[in-house]
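Hi,

Here is the structure I said I would pass on. Have a look at it first, and my notes come after.

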Amino acid sequence: MHNYQLIGPFAQILPMTHLDLKGAISDEALLIIEDGGILIENDKIYALGKFTEMLPTAKDLGAKIITLDGTDVCLPGFVDAHTHICFGGTRANDYAMRNAGKSYLEIAKSGGGIWDTVTQTRKASQTELIDLIIQRANKHLENGITTIEVKSGYGLSVKEELKMLYAIKEANQKLPADLIATCLAAHMVPKDYSGTSSDYLKEISTELFPKLKEEKLSNRIDAFIEESAYTKDDIVPYFTKAKAMGYDITVHADQFSTSGSAVAIAFDAVSADHLEASTSKEIEALANSNVIATALPGASLGLGCAFTPARELLDAGGALAIASDWNPGSAPMGDLLTQAAILGTFQKLSNAEVLAGITFRAALALNLKDRGKMEVGYLADLVTFPIHDYKEILYQQGSLKPNRVWKKGNLVMDKKHD
């Protein structure tokens, strides 16, 4: 069954095609289709072009014609390649203490930190977690984000990690947006585990990894490589097993110290995320690899620390994605577009580089090759803004919100007709 629809005209369509995965991008490289139309077949892009020129083809196909007023700018649906939106509770107290000058250690000793969220997430039922994920994912969808990566990592036992991953899977079945689950059982060493960090990782890889495959809960394994979490020596056997089982690898790398990005490169990870502490040495190595560097400006804003050296990464020839890191501790804002715009200001990124970082480069950081662009055969995930010129989107630093969102060809948000 072929269902066709032609949507348009749009003041501008930015399909994000004909752009390189790696390196700097000038705004002049952006393809802009004015007075454009998008022809959709079922859930995929069939053709793009001038709206009036596409009308005869659309009519021949028996397409439904959806006529707009030509005052909107259309982009591919945004992709958030790094979030922790499956969690219970809040860490507002941590935020207040941090801004009052308390150190990470002092906050942890007073009952805060990641372990606080682990405790609250363990107390939450699977049903409660599903509801929380849906609330947060729908907020993202209203902001134009049609694909959302979601990590476990606040369970830190086989049983509790499974609870989180089941919650993510079930929430995904109830949402228009796509949730991409990642197993982050190696988030920190659980405080209530009696063995060593190596014992814990061996237990997870032996007992949890097979279940992820059997029940199709996740195809991605993540680990936090940091002085406060896991060392390179801890993680090598863990990732070696994950890789042998066919999992994609991603790494929380170089947030406070530099060792994680080298592990990401060694294991040919799809992405290395954070990188706030990366120096020229790490940047050069990442740029010469296939690993996508994912900047998390939300964490920089939440912690009051340096931004990922995005400009240097791009100029060295690296691939840069931008994600929100939405989590209860270091990145509670959860507004990807605002964060990306702010990163662009501080790192002097072109509009094209920022938009690439939240569309096709972000999709490839999740190893997804069917979204992030408007190209024939790609998913019809679209977001529109009520403006004539795409430059307004980042200029307004996230205060301009989408007026329509399509997911797989279905209109899932329409503020003009709510």
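Below is what turned up, going from the core to the charged pairs, the cysteines and a couple of local spots.

Before anything else, keep in mind that this is a predicted model.

Let's start with the inside. The largest nonpolar core has 102 residues. Leu 179, Leu 212, Ile 221, Ile 235, Tyr 238, Phe 239 and Phe 385 are the ones with the most contacts inside this core. Helix α6 (residues 158-173) supplies the largest share of the core, seven residues. There is also a second, separate core of 13 residues, and Phe 10, Leu 68, Cys 74 and Ala 380 are among its members.

What is Tyr 238 in contact with, leaving aside neighbours within four places in sequence? The list is Ala 185, Ala 186, Leu 201, Ile 204, Ser 205, Phe 209, Ile 221 and Asp 222. Of these, Ile 221 is also on the list of residues with the most contacts inside the largest core.

On to the charges. How many salt bridges does the structure hold? The count is 18, and three of them are worth a look.

- Asp 178 and Arg 371 form a salt bridge, with the closest N and O atoms 2.9 Å apart. Asp 178 is in strand β8, while Arg 371 is in the loop between α15 (360-365) and β14 (382-385), so this pair ties together parts that are 193 residues apart in sequence. Buried or exposed, for Asp 178? Asp 178 counts as buried because its relative accessibility is 12%, under the 20% cut-off. Arg 371 counts as buried too, at 9%.

- Asp 192 and Arg 122 meet through their side chains in a salt bridge, at 2.7 Å from N to O. This pair also links distant parts of the chain, 70 residues apart: Asp 192 sits in the loop between β8 (178-186) and α7 (197-214), and Arg 122 in helix α4 (residues 114-123). Arg 122 is partly exposed, with a relative accessible area of 22%.

- Glu 170 and Lys 174 make a salt bridge at 3.6 Å, N to O. Glu 170 counts as partly exposed at 30% relative accessibility, whereas Lys 174 is exposed at 51%.

Next, the cysteines. The structure holds zero disulfides. Cys 74 is buried, with a relative accessible area of 0%. Cys 183 is in no disulfide, and the nearest cysteine sulfur, on Cys 86, is 12 Å away. Cys 183 also counts as buried, at 0% relative accessibility.

Helix α5 has 17 residues and spans 24 Å from first C-alpha to last, close to the 24 Å expected at 1.5 Å a residue. Its buried residues are Leu 129, Ile 130, Ile 133, Ile 134, Arg 136, Ala 137, His 140 and Leu 141. An α-helix has 3.6 residues a turn, so residues three or four places apart point the same way. Just after α5, Gly 144 takes a positive phi of about 90°.

Last stop is Lys 213, in helix α7. Lys 213 counts as partly exposed, at 34% relative accessibility. Not counting residues up to four places away in sequence, Lys 213 touches Asn 219, Met 245, Gly 246 and Tyr 247. The C-alpha atoms of Lys 213 and Tyr 247 are 9.0 Å apart, with the two residues 34 apart along the chain.

Cheers

Notes:
Residues are numbered from 1 along each chain as its sequence is written. This is a predicted model: local features need pLDDT of at least 70, side-chain atom pairs count only at pLDDT 80 or more; totals for chains, interfaces and linings use all residues. Side-chain values use heavy atoms; hydrogens and water are left out. Helices (H or I, at least four residues) and strands (E, at least two) are DSSP runs, numbered from the N terminus. The expected span of a helix is 1.5 Å times one less than its number of residues. Buried means under 20% relative accessible area, exposed over 50%, partly exposed in between (1.4 Å probe, protein chains only). A nonpolar core is a set of buried Ala, Val, Leu, Ile, Met, Phe, Trp, Tyr and Cys residues joined through side-chain atoms within 4.5 Å. Contact means heavy atoms within 4.5 Å. A salt bridge is a side-chain nitrogen of Lys or Arg within 4 Å of a carboxyl oxygen of Asp or Glu. A disulfide is a pair of cysteine sulfur atoms within 2.5 Å.
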